[in-house]
Structures are given as C-alpha cells and as structure tokens.
Amino acid sequence: MSVTPFVIPLWLDLTAVAVGAIQGAMFAARMKDRRIDLLGIAIIGVVVGLGGGLLRDLLINQLPAAMASNWYLPVATAFALIGMALVRLFDKLNPLIIALDAITIGLFAAIGVTKALAYGVPEVPAAFVGVVSAVGGSILRDMMLNLPIALMHVGSLYAVAAGVGCTLLVIMVASGVQITLAGIICVVIVTIIRLLAVRFGWSLPEQRAIASWPRWRRA
C-alpha cells in the first residue's frame with residue numbers, strides 16, 4: 001500500500017511535544033517521596049514529550065524525527081522546565097491540559113499509523129505502531145520511575161482510544177479515503193473517546209471481574 005504520511009505543521013507537532021513534556025514534568029514534580037531532582041524532572045518531561053515519536057521511528061527503522069530537527073529537544077526541555085516551575089498553575093488549568101493531551105494522543109496516533117504505512121509496514125502492525133506512538137511516552141515515564149505501567153490499569157482508556165482511532169484510520173486508508181481527511185477523523189475520534197472516558201469514568205473490566213463470570217453464569 002502506497003501511502004503519503006499524514007503531515008501536520010511543525011508548530012503543531014511541537015505543540016504536541018510541549019503538552020507531553022509539561023504533563024511529564026508535572027507528574028514527576030508531584031512525586032515528592034521519590035526525591036527527584038530538577039534534572040530528573042526535566043528528563044522525565046522530555047521523555048514523555050518525545051518518547052512516542054522515538055519509539056515509533058525505531059519500530060519502523062527510521063531516524064527519529066527529534067534527531068532530524070533542531071527544534072524538538074529544545075522545545076521539550078523548555079516546556080518540561082515550565083511544567084515543573086508552574087505545576088500549581090497547570091493544576092488549575094487541568095481541564096485544558098486534559099483536552100490538549102487528548103488531541104495530542106490523536107495526533108501521535110494518526111502520524112504513527114500513516115508514517116508506518118508509508119514505509120511499507122502492513123496494516124495491522126501499522127495500527128500497532130500508531131498506538132505505541134500515542135502512548136509510548138507514558139510507558140517510558142513509568143518504566144523510568146519504576147512504577148506500574150499506567151495503561152495496564154483500570155481507567156487508562158487512552159490506549160483504547162488510540163487503538164480505535166488507529167484501526168479506523170487503517171480501514172479508511174485501505175478503503176481509499178484521502179489521507180488528510182482520514183487523519184483528521186482519526187484525531188477527532190481519539191479525542192472524543194478520551195474526553196468522554198475522562199468525563200464519565202469509562203474503563204475496561206478488571207481481570208477479577210472477568211474471572212468471576214463463570215461463577216455467576218453457573219448461578
């Protein structure tokens with residue numbers, strides 16, 4: 001399948017990186033018991049901002065976008081420091097941060113899928129690359145902080161939102177939908193699912209609940 005990657009303006013890509021970096025730094029700054037120093041908080045912010053894109057490009061064996069431009073690392077570092085310094089302000093703006101984060105997940109998902117398809121990755125693995133691109137920063141954050149990986153716990157529907165959007169995008173591209181339109185629809189769907197999940201507390205069933213199914217069926 002010959003696909004042109006879903007391209008967004010550099011400023012929008014850098015905005016997505018900045019939102020991720022702010023969130024990563026805020027997350028690390030709140031962990032008072034870990035005694036993370038300023039450098040550590042900045043590093044976590046940079047990893048969250050750039051991690052998804054780095055994993056995406058490593059999976060498709062390409063030079064990471066962050067290594068091909070002078071902008072990504074300085075922007076991620078600057079906004080990680082801003083997130084650390086203004087954590088109380090951003091806490092007050094939490095609804096806005098959540099909304100921007102939802103859009104960011106959608107953007108990374110759409111870029112990941114279409115970039116994988118453009119480099120000849122089959123449809124199913126391409127959807128996987130898109131999901132990894134969307135959630136990779138948070139996975140690396142939790143690994144670096146030696147925490148249980150958040151997306152594997154109840155309430156972390158952002159991976160599900162990314163999966164739905166990536167799957168839909170692959171189907172649309174295979175059906176001949178124009179790539180820009182398909183990418184925009186993917187971003188919108190991921191954003192809506194994520195925001196609704198936050199608003200209404202949606203989550204997948206816990207494994208304990210699944211394990212109990214045979215019992216209530218027999219009853």
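Visitor: How many disulfides does the structure hold?

Guide: The structure holds 0 disulfides, a disulfide being a pair of cysteine sulfur atoms within 2.5 Å. This is a predicted model, in which local features need pLDDT of at least 70 and side-chain atom pairs count only at pLDDT 80 or more, while totals for chains, interfaces and linings use all residues. Residues are numbered from 1 along each chain as its sequence is written, and side-chain values use heavy atoms, with hydrogens and water left out.

Visitor: Which residues of the largest nonpolar core touch the most other members?

Guide: A nonpolar core is a set of buried Ala, Val, Leu, Ile, Met, Phe, Trp, Tyr and Cys residues joined through side-chain atoms within 4.5 Å. The largest has 45 residues, and Phe6, Leu50, Leu169 and Val173 touch the most other members. At least two residues of this core come from each of helices H1 (10–29), H2 (38–59), H3 (72–85), H5 (94–118), H6 (123–144), H7 (158–174) and H8 (179–200); helices here are DSSP runs (H or I, at least four residues), numbered from the N terminus.

Visitor: Where is valine 173 found, and is valine 173 buried or exposed?

Guide: Valine 173 belongs to helix H7 and counts as buried because its relative accessibility is 13%. Leucine 117 is 56 residues from valine 173 in sequence, yet their C-alpha atoms are 9.4 Å apart in space.

Visitor: What aromatic pair does the structure hold?

Guide: Rings of Phe, Tyr and Trp (its six-membered ring) pair if their centres lie within 6.5 Å; planes under 30 degrees apart count as stacked, over 60 as edge-to-face and the rest as tilted. There is 1 aromatic pair: phenylalanine 200 and tryptophan 202 are stacked, 6.0 Å centre to centre with 20° between the planes. Tryptophan 202 is partly exposed, at 40% relative accessibility.

Visitor: Which charged end sits over the ring of phenylalanine 200?

Guide: A charge sits over a ring if NZ of Lys or CZ of Arg is within 6 Å of the ring centre and within 35 degrees of the ring normal. Arginine 199 takes this position over phenylalanine 200, 5.1 Å from the ring centre.

Visitor: Which residues lie closest to the centre of the largest pocket?

Guide: On a 1 Å grid over the protein atoms alone, a pocket is an open set of points with protein on both sides within 12 Å along at least five of seven lines; lining residues have an atom within 4 Å of a point. Grid points are joined across faces, edges and corners, and a volume is the space filled by probe spheres set on the points. The largest pocket has a volume of about 610 Å³. Of its 27 lining residues, Gln23, Asp101, Ser138, Arg141 and Arg194 are the closest to its centre. H1, H2, H5 and H6 give two or more residues to this lining, and H5 gives the most, with 7.

Note on methods. Buried means under 20% relative accessible area, exposed over 50%, partly exposed in between (1.4 Å probe, protein chains only). On a 1 Å grid over the protein atoms alone, a cavity is a set of points where a 1.4 Å probe fits but cannot get out, and a pocket is an open set with protein on both sides within 12 Å along at least five of seven lines; lining residues have an atom within 4 Å of a point.
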